[in-house]
Amino acid sequence: MAQRRVTEFFVRRRPGPAARRAKSACRTPSSAAGPALTPGSSRKRARPPAAPGSSRPGPPARRRLRLQDGDRAEDCCPTSPPAPISPGKKVKRTAPSEGQLPCLAAPKDKALSKDTISELQSCLQRARVLGAQAQALRASAQKDAKETSTSEAEGSAEQPCGEKAPAYQRFHALAQPGPPGLVLPYKYQVLAEMFRSMDTIVGMLHNRSETVTFAKVKQAVQDMMHRRFEERNVGQIKTVYPESYRFRQERNIPTFKDGMKRSDYQLTIEPVLDSEAGSAPQLTASRLLQRRQLFSRNLVERVKEHHRAFLASLSPPLAVPEDQLTRWHPRFNVDGVPDIEPAELPQPPNTERLTTAQEVLARARSLMSPRMEKALSDMALRSAEPSSPGPPSPVLPATPPATPPSALKGVSQALLERIRAKEAQKQLAQMTRSPEQELRLQRLERLPELARVLRGVFVSERKPALTMDVACARMVGSCRAALSPGEMEQHVLLLAELLPDWLSLHRIRTDTYIKLDKATDLTSIAARLAHQARAEGL
């Protein structure tokens, strides 16, 4: 049975005479002209040979249909007009015959082409408008960048190239370890280090009764600090501490250098010391320390002046007593304090130098010929003529008055004033806070979490009382903050001080026991601690 089915399958798949005739009728004209296929020949269609005079290869062997140009035009777009159709007569749609391609509607293509052209024109116009706007924005951005760079170059005198200071200098005050205090700017600390090095070198040379010159001090300070040390830094030191040194210009000082003559003027430095009867003053270690501390206090006083001006510019202005100030205002940019202006140092006496033709003529009138005298006179007259006036400087527009931000429109002015006053009071209390108060506030902020941890320790231990050492050891292992057992004990003592009805301490012999009321609601305990922290933080 299975063998019969297989045989019938192959019989059905075998092509008969009718299939061959249908296949020969559907052949293309090119294949029809070729030789007929025999039953034993290959099924591949013969490829027509290429034209002998053309370099283009012949068409591929496998093609579905190839129509002549005339047949394609007649089949696609018939020349005879269509017969009129009556309104009441139904139209019978006929499918295209085999081998006939559907004809495309020419009027529709024309309409589409017109719409496409109009869309392209509108897109081109919009692109031109956007290009003009982009050019205007680019020009305004370049102009703003030039104005900003000009203002920065004028504002920063210590940076001649207009380069921005590195981040470790601009944010030096924020990176200081320990609690915040009256931190000096980075450039002031560098100047203080320069004064320390300079004072050390000057003290060594002065104690040896050697004339101290700037050339000696410069080389030694640069070797100590690995930083450039110029006369400008000496002028800044004189501005901060005028009574530190006495400067003079002297000559006939042995230099032992080939590049400097003995007759040249040199800047000499002499420390100002209190003279003691019977002995020459010496710059001892205790005096060096006193001078260094005085220099640091003077630097802090200079920063306080800028801080005082900043507080006066706030709205509302703040006034903090100088003896109660323990830290700078949070919005005061410490590292943005302007640099110290260098004081004027003694300069070598000016020797008479002839710089203009008029001076040369007045000096050598009797030593030159009349022709040379006339030439020098003409040159003096030409140099004395006023130069051509330059273009008038543009008048900058007046700065508009400051307007409130758009986010505050509609808010009552009285409410804003109360908020600003409360914020100013909080900042004033923060600036006058002592380090002990700062440490107490930090502990108060940790107490709500520590109270929750301590109650968990008592619940897990299932004991009415625990020793201080055991409780602190368990809390150190459960607390998120990295605290030592000694610091944890200070927090527990503060908890007992603030909440005596919840936590009590009992000292028995050499140990201290902690007893906790587990029935008290922990939410109320956390609320009381948070209220205490807010009350002391103001």
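Me: Is Glu193 buried, partly exposed or exposed?
Reply: Glu193 counts as partly exposed, because its relative accessibility is 33%. Keep in mind that this is a predicted model.

Me: Which residue does the Glu193 side chain meet in a salt bridge?
Reply: Arg196. The N to O distance is 2.5 Å.

Me: Where do Arg196 and Glu193 lie?
Reply: Both are in helix 7. They are 3 residues apart, about one turn of the helix.

Me: And how does Arg196 count, buried or partly exposed?
Reply: Partly exposed, because its relative accessibility is 26%. Buried would need a value under 20%.

Me: How many salt bridges does the structure hold?
Reply: It holds 19. The pair of Arg196 and Glu193 is one of them. Another joins the side chains of Arg208 and Glu210, at 3.5 Å from N to O.

Me: Which residue forms a salt bridge with Arg308?
Reply: Glu322 does. The closest N and O atoms are 2.9 Å apart. This pair links distant parts of the chain. Arg308 is in helix 10, while Glu322 is in the loop between helix 10 and helix 11. They are 14 residues apart.

Me: Why do Arg308 and Glu322 count as partly exposed?
Reply: Arg308 does because its relative accessibility is 42%. Glu322 does because its value is 32%.

Me: New topic, cavities. How many of 30 Å³ or more turn up in the whole structure?
Reply: The search finds 2.

Me: Which residues line the second largest cavity?
Reply: Phe195, Arg196, Asp199, Thr200, Leu288 and Arg292. Two elements give two or more residues to that lining: helix 7 (186-207) and helix 10 (285-312).

Me: Which element gives the largest share of that lining?
Reply: Helix 7, with 4 residues. Arg196 is in this lining, and Arg196 also has the salt bridge with Glu193.

Me: Back to the loop between helix 10 and helix 11. Where is Pro316?
Reply: Pro316 is found in that loop. A cis peptide bond joins Ser315 and Pro316, with omega about 0 degrees.

Me: What is phi for Asn252?
Reply: Near 60 degrees. That is a positive value in a residue other than glycine. Asn252 lies in the loop between strand 1 (245-250) and strand 2 (266-271).

Me: What about phi of Arg462?
Reply: Phi of Arg462 is also near 60 degrees. Arg462 is found in the loop between helix 14 (435-461) and strand 3 (465-467).

Me: Is Arg462 buried or exposed?
Reply: Exposed, because its relative accessible area is 75%.

Me: Now Ile525. Buried or exposed?
Reply: Ile525 is buried, because its relative accessible area is 1%. Its place is in helix 17 (residues 522-537).

Me: How far is the C-alpha atom of Ile525 from that of Arg452?
Reply: They are separated by 9.1 Å. Along the chain, Ile525 and Arg452 are 73 residues apart.

Me: Which residues make the nonpolar surface patch?
Reply: Leu408, Val411, Leu415 and Ile419 make a patch of about 280 Å². Ile419 is found in helix 13 (residues 413-431). Ile419 counts as partly exposed, because its relative accessibility is 47%.

Me: Last one, cysteines. How many disulfides are there?
Reply: The count comes to 0. A disulfide would need a pair of cysteine sulfur atoms within 2.5 Å.

Me: And Cys472 and Cys479, buried or exposed?
Reply: Cys472 counts as buried, because its relative accessibility is 3%. Cys479 is at 12%, so it counts as buried.

Conventions. Residues are numbered from 1 along each chain as its sequence is written. This is a predicted model: local features need pLDDT of at least 70, side-chain atom pairs count only at pLDDT 80 or more; totals for chains, interfaces and linings use all residues. Side-chain values use heavy atoms; hydrogens and water are left out. Patches are made of residues with over 30% relative accessible area and no salt bridge: like charges are joined within 9 Å, nonpolar side chains (Val, Leu, Ile, Met, Phe, Trp, Tyr) within 5 Å. Accessible areas come from the Shrake-Rupley method with a 1.4 Å probe; for residues, only the protein chains shown count as cover. A salt bridge is a side-chain nitrogen of Lys or Arg within 4 Å of a carboxyl oxygen of Asp or Glu. Buried means under 20% relative accessible area, exposed over 50%, partly exposed in between (1.4 Å probe, protein chains only). On a 1 Å grid over the protein atoms alone, a cavity is a set of points where a 1.4 Å probe fits but cannot get out, and a pocket is an open set with protein on both sides within 12 Å along at least five of seven lines; lining residues have an atom within 4 Å of a point. Grid points are joined across faces, edges and corners, and a volume is the space filled by probe spheres set on the points.
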